[in-house]
Amino acid sequence: MSNLYKYLKKYKKHLILGPIFKLLEAIFELIVPIVMAKIIDVGIEQKDVPYILKMGGVLVLLSVVGLGAALFCQYVASRCSQGFGTELRNELFNHINTLSMSELDKFGTSSMITRFNSDINQTQLGVAMLIRLAIRAPFLVIGATVSAIILKPSMSWIFLVTAPVVALILFAIMSKTMPVYTKNQRKLDKITAIAREDLNGVRVVRAFTEQEREQKRFEQTTDDYSSSVIAIGKISALLNPLTFLVINFAIVALLYFGGNKINSGSLTQGELIAFINYMTQISLALVVVANMAVLFSKSYASAKRVSALLATPASISDEGNETVEPVENAPVISFKNVSFGYGEGGMAIHNLSIDILKGQTVGIIGGTGSGKSTIINLLPRFYDVTEGELLIDGVDIKKYPLKQLRGKLGLVPQQSMLFSGTIRSNMQWRKEDAGDEEIYQALKIAQAFDFVMQKKDKLDERVQQKGKNFSGGQRQRLSIARALVGNPEIIILDDSMSALDFATDLALRKAINSDLPKTTTKIIISQRATSLKNADKIIVLDKGEVAGIGNHEYLLQNCDVYKEICDSQQKTPQESAKEVENNEEE
């Protein structure tokens with residue numbers, strides 16, 4: 001929690017001035033019952049109209065000045081809370097971008113979205129209420145009690161009994177509700193996760209006509225959240241009735257004992273009205289305190305969640321790393337006894353030792369779960385190796401500034417991701433000042449030039465969120481072109497041609513080999529053996545280990561795993577089915 005205070009340092013004046021003006025309003029409010037008592041005991045009893053008008057003017061003045069103080073406090077509280085929320089949201093976004101994939105996997109996208117929006121909104125509301133009410137309400141309770149004691153000490157015992165009873169009610173209800181708010185935010189994370197999953201996979205849901213099943217799943221989750229909120233609401237709903245019950249008993253006691261004292265002449269009518277006014281002020285202030293307790297409980301739970309995310313250190317950092325110079329004649333990429341695991345699921349790759357030379361075209365192939373994409377995730381340091389060393393240009397990648405390291409790479413992930421904007425803005429991600437000719441060259445190599453030129457606005461054609469206004473093959477080609485802009489030293493294609501037809505795939509591979517600089521190193525992951533046939537080196541993976549390294553002809557003769565992959569892709573569906581059937585019989 002302490003790491004959130006620094007975002008309020010900029011608003012120290014607001015944090016001081018706001019409560020001061022709220023205190024002024026409360027002081028003026030405490031003076032009102034005394035003025036009312038004077039009007040009754042002096043003005044009305046003596047039928048002194050000028051005195052009544054004079055004191056009435058004082059009441060109006062107190063109201064106007066109090067209103068001005070309240071409005072100024074409201075303005076200050078809004079500036080402070082909104083500024084705090086804005087800075088916190090910006091800092092949280094920046095912090096999320098520094099986290100490695102391990103931390104992002106740990107929290108989950110849905111949880112981070114909830115913390116980024118709902119939790120920060122609740123936290124900044126807590127800041128606003130802290131300025132506006134946290135001092136005013138307790139001050140009114142204490143001030144009204146002290147004023148009552150000064151006015152007539154013999155009647156003050158009613159106030160001294162009432163305040164602790166109401167405080168006990170507040171404490172009991174807060175202790176019940178506060179732990180539940182954190183659980184509720186986790187349930188809200190789950191709702192966000194399901195909604196996000198179904199919206200992203202809406203085509204799959206409809207293709208399998210599973211709308212009803214998903215609706216039931218969503219309803220069960222929201223019902224669970226709703227039941228929890230209702231349970232808290234039932235407990236919180238006791239605050240106002242119990243508080244007013246105690247206050248009303250206190251007012252009855254004031255009337256009973258005050259009436260007797262008026263009859264005996266030891267208390268005036270105006271003083272009794274002042275006592276009732278003070279009790280009313282206390283009741284209203286305690287109701288505010290009660291509601292404030294609920295609000296602060298929510299804000300505290302949300303602030304803890306935001307603070308926990310901010311306090312999570314990035315497991316991958318380049319702090320202190322300076323620009324490195326490549327080692328002469330060293331392999332571009334060198335895996336030295338590298339092993340890596342994602343956590344408790346065991347190792348994804350084992351004891352990997354591979355050297356890739358400058359300008360080589362290297363293919364990586366293997367079955368599902370063999371570790372192909374894991375290798376690609378290690379190169380940009382999305383994850384750090386568990387064991388061994390990974391070198392680029394002869395230097396351990398942990399010594400590189402991340403910007404320099406990733407600036408060497410042109411990465412095309414499995415899932416083609418375009419960002420809302422234009423084709424040009426997407427093409428300039430690697431190089432902000434890339435000109436049209438440079439972009440056109442990348443589009444030509446990626447076989448995207450023709451369909452882009454057919455668009456009405458060419459490079460200024462709008463791209464919808466995730467590139468939904470383009471086909472899967474078009475998105476893949478645009479993603480490849482984006483990685484090629486700026487001529488990176490290493491091009492990595494992570495199964496990023498799966499949506500292309502064979503003719504486009506062939507044309508793309510030819511263009512990559514012929515049109516890119518000869519010094520560009522190309523790493524291609526593919527499920528198709530034909531896509532890697534002409535690679536200088538093919539790495540065959542099986543269950544996280546290297547099953548074979550060599551060119552196509554060598555592997556056909558010496559690597560059983562590679563031969564099985566090639567044979568399975570050359571057979572007709574009928575032949576493959578027959579083979580499976582024979583294996584099952586055996």
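User: In this predicted model, at roughly what angle do the axes of helix α5 and helix α10 cross?

Analyst: The model is predicted. Helix α5 covers residues 136-151 and helix α10 covers residues 269-310. Their axes come within 8 Å, and the crossing angle is roughly 160°.

User: How are α5 and α10 oriented to each other, roughly parallel or roughly antiparallel?

Analyst: Angles over 145 degrees count as roughly antiparallel. The axes of α5 and α10 cross at roughly 160°. The two helices, α5 and α10, are therefore roughly antiparallel.

User: Is the crossing of α5 and α10 left-handed or right-handed, and how many nonpolar residues does the contact have?

Analyst: α5 passes α10 in a left-handed crossing. On the α5 side the contact includes Leu140, Val141, Ala144 and Leu151, and on the α10 side Phe275, Tyr278, Ile282 and Met292 are among the residues involved. By class, the contact has one charged and three polar residues, and the number of nonpolar residues is 16.

User: Which strands does β11 pair with over five bridges?

Analyst: β3 and β11 run parallel and are joined by five bridges, with Ile365 opposite Val540 of β11. β11 also pairs over five bridges in the antiparallel sense with β12, where Ile539 stands opposite Ile549. The partners are β3 and β12.

User: How many of the residues of β11 are buried?

Analyst: Buried means under 20% relative accessible area. β11 is largely enclosed by the rest of the structure, because the number of its six residues that are buried is five.

User: Which residue in the hairpin of β11 and β12 takes a positive phi?

Analyst: The hairpin has two residues between the strands. A phi near 55° is found there, and the residue is Lys543.

User: Is Asn426 buried or exposed?

Analyst: Asn426 lies in helix α13, residues 423-427. Leaving aside residues up to four places away in sequence, Asn426 touches Leu418, Phe419, Val463 and Arg482. Its relative accessibility is 2%, so Asn426 counts as buried.

User: Are Lys47 and Asn329 buried or exposed?

Analyst: Lys47 sits in the loop between α1 and α2 and has a positive phi of about 55° although it is not a glycine. Asn329 sits in the loop between α10 and β1, with phi near 65°. Exposed means over 50% relative accessible area. Lys47 is at 72%, so it is exposed, and Asn329, at 76%, also counts as exposed.

User: How far apart in space are Leu238 and Leu170?

Analyst: Leu238 is in the loop between α8 and α9 and is partly exposed, with a relative accessible area of 44%. Leu238 and Leu170 are 68 residues apart in sequence. From C-alpha to C-alpha, the distance is 9.7 Å.

User: Which residue of β2 stands opposite Gly341?

Analyst: An open sheet of four strands has the order β2-β1-β4-β5, with antiparallel pairing. β2 and β5 stand at its edges, each with a single partner strand. β1 and β2 pair over six bridges. The residue opposite Gly341 is Met347.

Note on methods: Residues numbered from 1 in each chain as written. Predicted model: local features only at pLDDT ≥ 70, side-chain atom pairs only at ≥ 80, totals over all residues. Heavy atoms only, no water. Axes fitted to C-alpha atoms, helices over the stretch in contact; angles between N-to-C directions. Parallel < 35°, antiparallel > 145°, perpendicular 65-115°, else oblique. Left-handed = near helix turned anticlockwise from the far one by under 90°. Contact = heavy atoms within 4.5 Å. Nonpolar A, V, L, I, M, F, W, Y, C, P; charged D, E, K, R; others polar. Buried < 20%, exposed > 50% of the residue type's maximum accessible area, 1.4 Å probe, protein only. Pairing = 2+ DSSP bridges.
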